[in-house]
Amino acid sequence: MNRGEKYRAEARRRPLRPVLATLLCALVFLPLYGRAGDASSGRLADRIFDPKRYNYFNDYLLIAFDIEPAHHSNIVSGELLEIRSDRRVTRSLLMEWDASRGGTEVFFHSDRKFRRYAFAHMRLDSALRMEIAFDFRQDMVTLTSGPDTVRIREMKLSRDEAYSFALLPGLSAVSGDMGPELKVKNLSVLSDAPGRSKRVFFWYLFIIGADIVIFLFILLYYRRRKRSGEAEQDLLRASSIHTVELPRASAVYLFGGLKIYDRNGEDVSKRLSPMLRELLSILVVFSGQGGVPSSTLKDLLWFDMSPDNARNNRAVNFRKLRMVLSMAGNMEIVKTEGGNWKLEPGEVFVDYLYYKDILSSPAPLSREDVEKIISLARNGNILPETDYVWLDATKGEVSDQIIDRLLLFAESDAIRNNAGAYFVIAEAISKLERLNEDALKFRCKAYALSGRHQSAKNSYDRFCVEYKTVYGQDFPIPFTEVVK
């Protein structure tokens, strides 16, 4: 058998390997599937709070503990509980208490969305008991503290996922003036024996059959995806436009979501409470407009406080924010001669200010500036995870300005009939506006110019399906008009 025949024979055997590996794993690990967990509260707590171990739960999990302030503070904020799944999805419960307001607010954070809940009687200036009950069957978490009870539904918890938990995860990483602000005592954990059902034989048959079916679907999907991906890669390689590599150390990002990277490239934005996240967002956005007045900060963040209380809260939150920003570099919060507050980035890269600097150039943009704008836009719009009312107009302005500049460049002689450049611009526009008709036109034109007419039609059909789902009506422009 010559080398070519050997290679073809090996290729024919290769698709069977994932199936054989799946069957072997099922035979080895499924006997462990029905083993019940340890009922001991102490050992159970060690298991679920072990960051390297993920646990399955049948119905419920109860975490109860006492929390008390480590030192006197009028404002306490931070991450109460972090929930990590074996599918690399992280959910967080954050809390914030302000003595001047009385009650405590709890925030559920997942999928770049925040939900807010209020504990009217919960105060963090003294010790209190708290219980967090997970109902995996009904996908619900109940938080109880004294007379206050809050139920958080649709957290996307499942008995088919394994979880690991971290209680007050910031305590081990925070030092100095930032904390720790809270201490945990008398921790107890109860559960209905974490583990799986003991019907092992049924699960043998079900999982083996499901694995084979899933494998066949995945094989077909990836074959199609590979052909599509190869077409996209060919277009990207043929593009006369190349993206710019943006820094991932000593940087603050708003495009695609708020991120703060320290000097080592680690994201430290989790150290910010919801209040500090909004405060930083205001300072970054308004710094591109000359700064934000103290009166505007009060109206946006502390509208229900007296001027003195608002001033004190501003000072406390500025101090906390400066400590986090110092991890990124020598960034300062300063007051201008006109009395406005703004950020002085120093050596720190701030993507929104980078964007404002590029857009200050007269239209049309140069090729170099277009490449910089595309590098920002491919992350999505600024702060997509937020619903700040004061930011709505700015989001629309950012999207419109970038799309207008990119379309102006796409229609210029600089990239005429360059399929790759059309594709790159279409992808960037779609990140800002998913159902943008111009992006569809340039994407289909890119496929058509490169001879991939079926890819152009597939892209058009997917757009039409999504358009009808969103708007409830058919897309009015026919395919022949789009590819003209």
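A residue is called buried here when its relative accessible area is under 20%. I start with that cut-off because two phenylalanines, Phe57 and Phe165, are both buried by it. The model is a predicted one.

First, the chain as a whole. The protein chain has 14 helices and 16 strands. Of its 484 residues, 44% count as buried. The chain exposes about 25300 Å², and 52% of that comes from carbon and sulfur atoms. If you take the contacts with a separation of 6 or more, 63% of them are between residues 24 or more positions apart.

Now the sheet. Five strands make up an open sheet, in the order β5-β4-β3-β2-β9, with antiparallel pairing. The edges are β5, residues 113-119, and β9; each has a single partner strand, so one side of each has no neighbour in the sheet. On average, neighbouring strands here are turned by 20° against each other, ignoring direction.

Look at β2, residues 75-85. Of the 11 residues in β2, 10 are buried. On one side, nine bridges join β2 to β3 in the antiparallel sense. In that pairing Ser77 is opposite Glu96 of β3. The two strands form a hairpin with four residues between them, and in the turn Arg88 has a positive phi of about 65°. β2 also pairs with β9, again antiparallel, over five bridges. There, Arg84 stands opposite Ser164, and Ile83 has Phe165 as its bridge partner.

Which helices go with these strands? Helix α5, residues 274-287, packs on the sheet and touches β3, β4 and β5, with its direction at about 90° to that of β3. Helix α7, residues 307-325, lies across β2 and β3 and runs at about 45° to β2.

Next, the aromatic residues. The structure holds 21 aromatic pairs. Why is the pair of Phe57 and Phe136 called stacked? The ring centres are 5.1 Å apart and the planes are at 5°, and stacked applies to planes under 30 degrees apart, so the pair qualifies. Phe57 sits in the loop between α3 and β1, and Phe136 in the loop between β6 and β7, so this pair ties together parts 79 residues apart in sequence. Phe57 and Phe136 are both buried.

Phe57 has another ring partner, Phe165, and that pair is edge-to-face, at 6.1 Å centre to centre with 75° between the planes. Phe165 belongs to strand β9, residues 163-167, while Phe57 is in the α3 to β1 loop, so this contact ties together parts 108 residues apart in sequence.

Ring pairs link Tyr460, Phe463, Tyr467, Tyr471, Phe475 and Phe479. The charged end of Lys457 sits over the ring of one of these, Phe479, at 5.9 Å from its centre. Elsewhere, Arg248 lies over the face of Tyr253, 4.5 Å from the ring centre.

To close, which residue joins the two topics?

Notes. Residues numbered from 1 in each chain as written. Predicted model: local features only at pLDDT ≥ 70, side-chain atom pairs only at ≥ 80, totals over all residues. Heavy atoms only, no water. Phe/Tyr/Trp six-rings, centres within 6.5 Å; stacked < 30°, edge-to-face > 60°. Buried < 20%, exposed > 50% of the residue type's maximum accessible area, 1.4 Å probe, protein only. Lys NZ or Arg CZ within 6 Å of the ring centre and 35° of its normal. Pairing = 2+ DSSP bridges. Axes fitted to C-alpha atoms, helices over the stretch in contact; angles between N-to-C directions. Contact = heavy atoms within 4.5 Å. Areas by Shrake-Rupley, 256 points an atom, 1.4 Å probe, with all protein chains shown as cover.
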